[in-house]
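I opened my notebook for a friendly look through this model. Here is what I looked up, entry by entry.

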Amino acid sequence: MGILKEMQRAQARQARVQKQAQTAAYRHHQHIHREAERARKAAERASAADARERKRLYVEARIAEVAANNSDLQAHVDELDALLVATLDVDDHIDLRRLRKTVKHPPFKPGALANPLPPPDWRRFEPSAPSLLGKLFGGQAKFEQQQAHARYTFEQAQAQHAAAESDRQRRLAAAHQRYQQGRAKVEAEAAAHNAEVDRFAAALAAADPAAVVDYFGMVLGNSVYPDDFPQHYRIAYVPESHQLVVEYHLPTLDVIPGVREYRYIKARDEISTVARPAKEIRERYASIVAQVTLRTVHELFESDRAGLISAIAFNGIVETTDPRTGVAIRPCLVTLRTTRELFTALNLRKVEPAACLQHLNASVSKRPDALSPVRPVLEFDMVDKRFIDEVDVLADLDQRPNLLRLTPGEFESLIQNLFAKMGLDTKQTRASRDGGVDCVAFDPRPIFGGKVVIQAKRYRNTVDVSAVRDLYGTLQNEGASKGILVTTSGYGPASYEFASGKPLELIDGSNLLYLLAEHGDVKARIDPSDLD
């Protein structure tokens, strides 16, 4: 019995140990599983955090992209709003002296050719003298032979050196000659360029029409606009009245950004746009038309320190396609004629562009966005010299009639016929006391038509402003709707200033020649030198 109990106790102890071992193994296994689970969950959390971080960075990048787009958009709009102000701090005058070239030659650098070749050194050829013992055993004779050979070799080296040095000096002289020729070529080119600049400056100072047109073309070419502005223009100069006529290409409506704002829609991960209201686009475009007009006239007057121009006629046109017909059109959206005195009195930093144009009696399209045209104060082609310069060099060979040589009766018939061809019904024509023509005509067009007073002056000198005032007085006395003053010469600033804003049209000599050629099929000329 004792032995059995002892065996039972041993078995119980073994069972307890085994159970404890199993319990420990189970707990260890559970611990490993828990650690693995914790590691898995930690990895999931890290992955989720990494995904959230990537998503956060992605959203921030998209938001930054939208902010950059809006910043660029606002910068462009601000640039459009400041078209006029941006030019006011710029000196538009072109100093022709700065166009001259000054030549600065680089120093002559022949490189290794500048260094004389080192002559052969006798010490490198000279044999060593024999010792006293060597002399006793025949070394002296051998030394003398070596010395003779050394002298021969040395003399050959000297001859080769002399030839090489001579070649170096020849190549150095050739290089220097090429350098001098290059200098001479550059100086000749600079001299020719400077001579051309001097000729141009002299022609400009003499108010040569071609030089005047070229100079003011350079002025407008220097004006920096946004990239999508056309910056095309035509310029003509009427020396009789010191009037510059400009036909300037305005930008089209699409220079106004159609987008008002960019937005990021996070839920759909897309960038959407907010359209700019049509009313704002119309207003901004009208502002651009006004700003470009004032800016161009300002740049021309400011650049003219020599006082070459007294008045500017400006036509702002758009070269585009009529959306209704698909046909190319060139409507004039703004037109004005202003004098230097009137325009330079403006403080352009403080004006409202549209109101300023109204003050200058400009004619502006009521709907520039719809390309509604206005009638130019002066058609550019009426002063383009290509229409009147087709004349033989020798005046004696010019078969065109000189208007200044016509009799009063011939001049009267010419003017009457011209306006009849232009659609006016001439009711009364009489010669004026000064050799001109006074005419009362009727424009049969409804609404725009009515009674028209026409006065033509066959003058050689500039028409005085009193003639314009007289025409206006006649217009009021006759109850006419319009007055036209035609001359074979030109008008001064005071005349244009008086006519501004009134139903008066001033036609100078070059305009008259154009009208005669265009409507009367008469190729004429105005040549005071042919009266002698």
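**Cysteines**

I began with Cys-356, which is buried at 4% relative accessibility; buried means under 20% relative accessible area, exposed over 50%, and partly exposed in between (1.4 Å probe, protein chains only). Cys-332 also counts as buried, at 6% relative accessibility. I then looked for disulfides, taken as pairs of cysteine sulfur atoms within 2.5 Å, and the structure holds 0 of them.

**Ground rules**

I note that this is a predicted model, where local features need pLDDT of at least 70 and side-chain atom pairs count only at pLDDT 80 or more, while totals for chains, interfaces and linings use all residues. Residues are numbered from 1 along each chain as its sequence is written, and side-chain values use heavy atoms, with hydrogens and water left out.

**Aromatic pairs**

How many aromatic pairs does a search of the whole structure find? I got 11. Rings of Phe, Tyr and Trp (its six-membered ring) pair if their centres lie within 6.5 Å; planes under 30 degrees apart count as stacked, over 60 as edge-to-face and the rest as tilted.

I looked up Trp-122 and Phe-154: their ring centres are 5.4 Å apart and their planes at 70°, so I wrote this pair down as edge-to-face. Trp-122 lies in the loop between helix H2 (85-88) and helix H3 (132-136), and Phe-154 in helix H4 (residues 139-205), so the pair ties together parts 32 residues apart in sequence. Helices (H or I, at least four residues) and strands (E, at least two) are DSSP runs, numbered from the N terminus. Trp-122 is partly exposed at 23% relative accessibility, whereas Phe-154 is buried at 13%.

My next pair was Tyr-225 and Phe-229, with centres 5.5 Å apart and planes at 20°, so it is stacked. Tyr-225 is buried at 6%, and Phe-229 is buried at 7%.

**A lysine over rings**

I checked for a charge over a ring, meaning NZ of Lys or CZ of Arg within 6 Å of the ring centre and within 35 degrees of the ring normal. The charged end of Lys-502 sits over the ring of Phe-498, 4.3 Å from its centre, and over the ring of Tyr-472, 5.8 Å from its centre.

**Sheet**

I traced an open sheet of 5 strands in the order S1-S2-S5-S8-S9, with mixed pairing; two strands pair if DSSP finds at least two bridges between them. Strand S1 (233-238) and strand S9 (363-364) are the edges, each pairing on one side only. Strand S5 (residues 311-317) runs antiparallel to strand S8 (residues 332-339), and 7 bridges join them. Ile-312 has Thr-338 in S8 as its bridge partner.
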